[in-house]
Structures are given as structure tokens and as C-alpha cells.
Amino acid sequence: MTNPVLIVEDEKNLRRVLVAVLEAEGYPTIAAENAEEALGMIQTKHPALVLSDQRLPGLSGTDLLRRIKEAHPEIPVIISTAYGEIEQAVEAIKAGAEHYLTKPVDEGELIALIRQTLARHGESLPPLHRELRRYGLIGVSRAIETLLETIDLVAPAPSNVLITGESGTGKELVARALHQASPRAEQPFVAFNCGAIPLELVESEIFGYERGAFTGATRAQAGKLEMAASGTLFLDEVGDMPLPMQVKMLRALQEREFTRLGTHQPQRLAARIVAATHVDLAKAVSEGHFREDLYYRLNVIPLLIPPLRQRQADIAPLVHHFLRQICTVIGRDPMVTIAPDALAALEAYEWPGNIRQLENLLERMVVLNRHGHLQRSDLPTEIARHQSDNAFPTSSSPFDLPALERQTVLNALEKTRFNQSQAAVLLGISRKQLRTKMKNIGLLGDQDGEDDTIDT
């Protein structure tokens, strides 16, 4: 990324904070204290994006937005507003602003929004922060940040981990991240898919065998537990492990030792066990398909990976990552790009196959593309027809003010863990006014009392 992000903010301290936050994330940044100064910088610095406060001395943020759209319609503009300026935010959106942010601005939300907006406009992005690069996890959403924080906490411990999530969410990638961040990183990482091996071979694959242990065993073979040594054994799709094998696996975990088939000489189990499944193991236990005692042995530390449909902010970074990766592998130069409306359709789709489905679709589209640029018309019909419910309206589309107000109130409540007094302070209104608004937009019934929190 070569062109800077322009911050327009008249409060000196806040302007410095915003510059510091963006530059720490690798974004070249310039700043102006009023609209007139900003217009001059736009002529000379050609910013990739403008983040402007609504309330400025002289020209307002909306006035600045209109000037920018007249002369440089390609530059995306984000407006930041106080809660009391919600009508001005609506006016700014109708005038062409891409998004609005309510003050006080959350740093994580700001970075995610800027990254998503720049990606949508085809701008190259600075590298993701150190943890994302190290673990190979791509994303800017709060869900990814939480996952990384959990990995940092869990990785040093020897405890067993059970990773759950839908197919295609990247469970093995998370298992490898746990291994890489642990003191076992120099030891082997061994993966075994419990559902990909015939029943009669599962035990020999995990525990190993001696020569002559069974018909066809012409030589001794170490099992996965032995191969993992003091590293990590990743049991993928552990919910598919046959019940007889579950009994033997439980015994190995309890006694911390195992025995190759064809011998009575035990070996110490030194590896850490990380298991993963896309099925509900608790339900499998209740239905008699999975042993309860093994479930509790494996589920010492549960780790849930959210589906891609709950991580919309991660789709743009993932798309650009996969496009670079695919073009490099197949030798496409220059890299295939994607149109903003095509990217918006990808962001709106629910992705039942999650990240794996997204990657496979992009690979197919890149291979078949002749023009070096992916259009919305190139997408499969079931994806191209989608339009995000979260898309911000333009001047030609209707704007739902109650919905905007409802979302703003919800954001404040979520940031304060649904503490009404704190949310009211955040919004700059009284608690009584907040409760009135909550009732008007359906967040609080007439029967609700005066408790300071509401049910989530």
C-alpha cells in the first residue's frame, strides 16, 4: 500500500491517537484538523481512504464528503459521528459515505473496517500483524483476535484440547498453531484422520505393530502415538473413531502409555493430544455413539472455531490472500483482481463449506478467468444474487433510520456487556432516555423492570 489514509479530526489528542493506531498496523497515514486542510492534502497526497469526523470547524464532515465525491469519486470516505448526530450520519451515507462509526471509536472495529473497505476497493494491504502471519490464520474480525488470544493462553499447557467447528473452518490449521506456539514446536506434529481409515486398521495405525502381529505384517511399524514422540498428535474427526478403539484410546490417555500390536512391552505416551470434530460430541455421547469418559478426557480445553458466515469482516482479507496464493501456484502474472461488487457478493454469501469452499471457488474462477479481473457476473448464480443485509445504502437506496438507531444502541450495549448505565454514558444520553429508545426499537418490553442489564 503506497497511498496514505487521511484522518480529518479537529481534536489534537484524538488525531494523534488515530494516527498512531493506524501506523502501528502498517498503514501510511496523514492528518488534517479541518476540511479545508484535508482538501489540499487530497490534491497533493492522493489518499487511498479518508476517515473524517462529522463535526469539524468550518465545513462539516458531510460537506467535505460532498467535495471529495465531486472531484474524486473513487476515494472511499468513512464518517465518525457522536450518537446525537445519527441524522447527520444518515445524510452522510446518502451523500456517498461508505460507512459510519460512532464515537468513542473502538480500535479493533476501526482497523477491521478500514481493512475491509480498502480491500473492497482493490487496494493492497499491509501485512497482517505478527500473530496472524506466524499462525497462518487470515482475518481481522474480533472472532479471529479471540481465537489467537486463546491459542496464546492454551499453547504452553500440556492439556488435551478439543477443537470444534463446521467442516472447512480450519481446525487442522488451529491445531498446528497450538503446536507451533507450544514448547513442543521442535518435536513432530502428527495428524491422523479417524474417519479416513478402515475400522480394522485404526488400532494398528495409532498404536503401531510388530512383525507378525497380524496377516500381512511383514515388518514392524511405529504408530502415530510413537511417531508424535513428545510433540503433538492431532486426531482429526475424532467423532468417527470406532467404539472399540475409543476404549483403547481412553486407556492410553488414562495410563499415559500404549502398546504396539503383537507385543506386551508398553511405551510412554509423551505426546499432547489435540482432537477435532465437526459433530456435536455431547449429543453423540447422549445417543451412545461416543464414550462419555473419553469425551471428558479429550475436552479438557474446548476451542470453538466460528463459521465463516459469522466472520464477514474476514472474507475480503481471505479473498485477497487466496488470489495471491493461487496466482503464484499456477503462475498467473499479474495477479487476478476482483471487482468491489463481486467481493460484496462473496461477503454476503453464507458459505456452508466455509473457508475451504471459498478457496476452492476462487481457484476455479482464477483458472477459468481470461481477463485478469473477476466480475460479479463470473460468480455462480447462487452467490452472485446475494446482497449483504449489512451493506450500507447509497443515495439511490432507501435508508432505514430505526434500524440504524437500533444497531447503534446495540453496539453500545455490547461494548458495555449490556450495562445500561455505562451504555448511556457511551451514547451521551441519560439512562432513562436509553431505556425509552430500547423500548421504541424492541430491545426492552414494557414489563421489564429497572435492572441495570438486559438479557442477551
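Me: Why is Phe 234 called buried?
Reply: In this predicted model, Phe 234 has a relative accessible area of 0%. Buried means under 20%, so Phe 234 counts as buried.

Me: And what makes Phe 189 count as buried?
Reply: Its relative accessibility is 16%. The cut-off is under 20%, so Phe 189 counts as buried.

Me: Happy with that! How many aromatic pairs does a search of the whole structure find?
Reply: The search finds five aromatic pairs.

Me: Why is the pair of Phe 189 and Phe 234 called stacked?
Reply: The ring centres of Phe 189 and Phe 234 are 6.1 Å apart, with the planes at 25°. Centres within 6.5 Å make a pair, and planes under 30 degrees apart count as stacked, so this pair is stacked.

Me: Which parts does the pair of Phe 189 and Phe 234 tie together?
Reply: Phe 189 lies in strand S7 (residues 189-193) and Phe 234 in strand S10 (residues 232-236), so the pair ties together parts 45 residues apart in sequence.

Me: What makes the pair of Tyr 349 and Trp 351 edge-to-face?
Reply: Tyr 349 and Trp 351 are 4.8 Å apart, centre to centre, with 90° between the planes. Pairing needs centres within 6.5 Å, and planes over 60 degrees apart count as edge-to-face, so the pair is edge-to-face.

Me: Are Tyr 349 and Trp 351 buried or exposed?
Reply: Tyr 349 has 13% relative accessibility and Trp 351 a relative accessible area of 0%. With buried meaning under 20%, Tyr 349 counts as buried, and Trp 351 is buried too.

Terms used:
Residues numbered from 1 in each chain as written. Predicted model: local features only at pLDDT ≥ 70, side-chain atom pairs only at ≥ 80, totals over all residues. Heavy atoms only, no water. Buried < 20%, exposed > 50% of the residue type's maximum accessible area, 1.4 Å probe, protein only. Phe/Tyr/Trp six-rings, centres within 6.5 Å; stacked < 30°, edge-to-face > 60°. Helix = DSSP H or I, 4+ residues; strand = E, 2+ residues; numbered from the N terminus.
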